[in-house]
Amino acid sequence: MKELKVNMPREMLKDALCFKEIAMDKIESREEKWRYLRASFLYACMAVEGYLNNYLLSYVEENKESLEKEVEDYLTSEISIHTKLTVGLKIASGHSMNPRQDPYKTFKDINSLRNKLVHYSWEEGEEAYREVTIENANRAIENARVMIKEIHRLDKSTCPHWVESI
């Protein structure tokens with residue numbers, strides 16, 4: 001069987017849009033609307049993390065000959081998304097995202113809601129679901145696009161066309 005290559009961050013961003021559109025399509029049940037909005041939100045967050053992981057893995061592959069083993073191991077280890085956006089990007093591009101400025105500041109807010117959803121507890125349930133809105137799904141999707149563009153702005157490379165065309 002032939003190997004199938006999938007651009008998973010692209011597919012995740014497409015799925016985020018698809019689930020948001022389903023949620024907007026006259027769904028009456030609050031729980032059903034939340035299901036699709038939650039999926040939209042989570043897929044947008046996964047698109048950013050998946051893209052960043054692929055970016056760092058590509059950097060390691062392209063620089064395998066010159067990278068110290070410890071740096072390679074660090075960049076391919078299970079470090080947090082926030083460490084990847086600061087330290088990982090600094091290593092790969094010479095620049096990192098500033099956590100106090102957009103788009104990273106917005107991403108931190110979005111990722112905080114993502115964590116409330118993924119690590120759901122009864123105590124935080126009502127608060128988390130108050131934030132599961134079409135507006136926040138739109139915000140997460142747009143931020144995913146902007147975060148990917150920012151990675152390319154930092155390393156002065158061309159952003160893939162699919163980021164805008166989806």
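To start with, is Cys 18 buried, partly exposed or exposed?

Reply: Bear in mind that this is a predicted model. Cys 18 counts as partly exposed, at 37% relative accessibility. A disulfide needs the two sulfurs within 2.5 Å, and the count here comes to 0 disulfides. Cys 159 is in no disulfide either: its nearest cysteine sulfur is that of Cys 45, 18 Å away. Cys 159 is partly exposed too, with a relative accessible area of 23%.

Now for the rings. The count comes to 4 aromatic pairs. One of them is Phe 19 with Tyr 36, whose ring centres are 6.1 Å apart. Pairing takes centres within 6.5 Å, and planes under 30 degrees apart count as stacked; the planes of Phe 19 and Tyr 36 sit at 25°, so this pair is stacked. Phe 19 belongs to helix α1, which covers residues 8-24, while Tyr 36 belongs to helix α2, covering residues 30-62, so the pair ties together parts that are 17 residues apart in sequence. Phe 19 is partly exposed, at 21% relative accessible area; the cut-off for buried is under 20%. Tyr 43 comes into the picture as well: ring pairs link Phe 19, Tyr 36 and Tyr 43 into a cluster.

Key: Residues are numbered from 1 along each chain as its sequence is written. This is a predicted model: local features need pLDDT of at least 70, side-chain atom pairs count only at pLDDT 80 or more; totals for chains, interfaces and linings use all residues. Side-chain values use heavy atoms; hydrogens and water are left out. Rings of Phe, Tyr and Trp (its six-membered ring) pair if their centres lie within 6.5 Å; planes under 30 degrees apart count as stacked, over 60 as edge-to-face and the rest as tilted. Helices (H or I, at least four residues) and strands (E, at least two) are DSSP runs, numbered from the N terminus. Buried means under 20% relative accessible area, exposed over 50%, partly exposed in between (1.4 Å probe, protein chains only).
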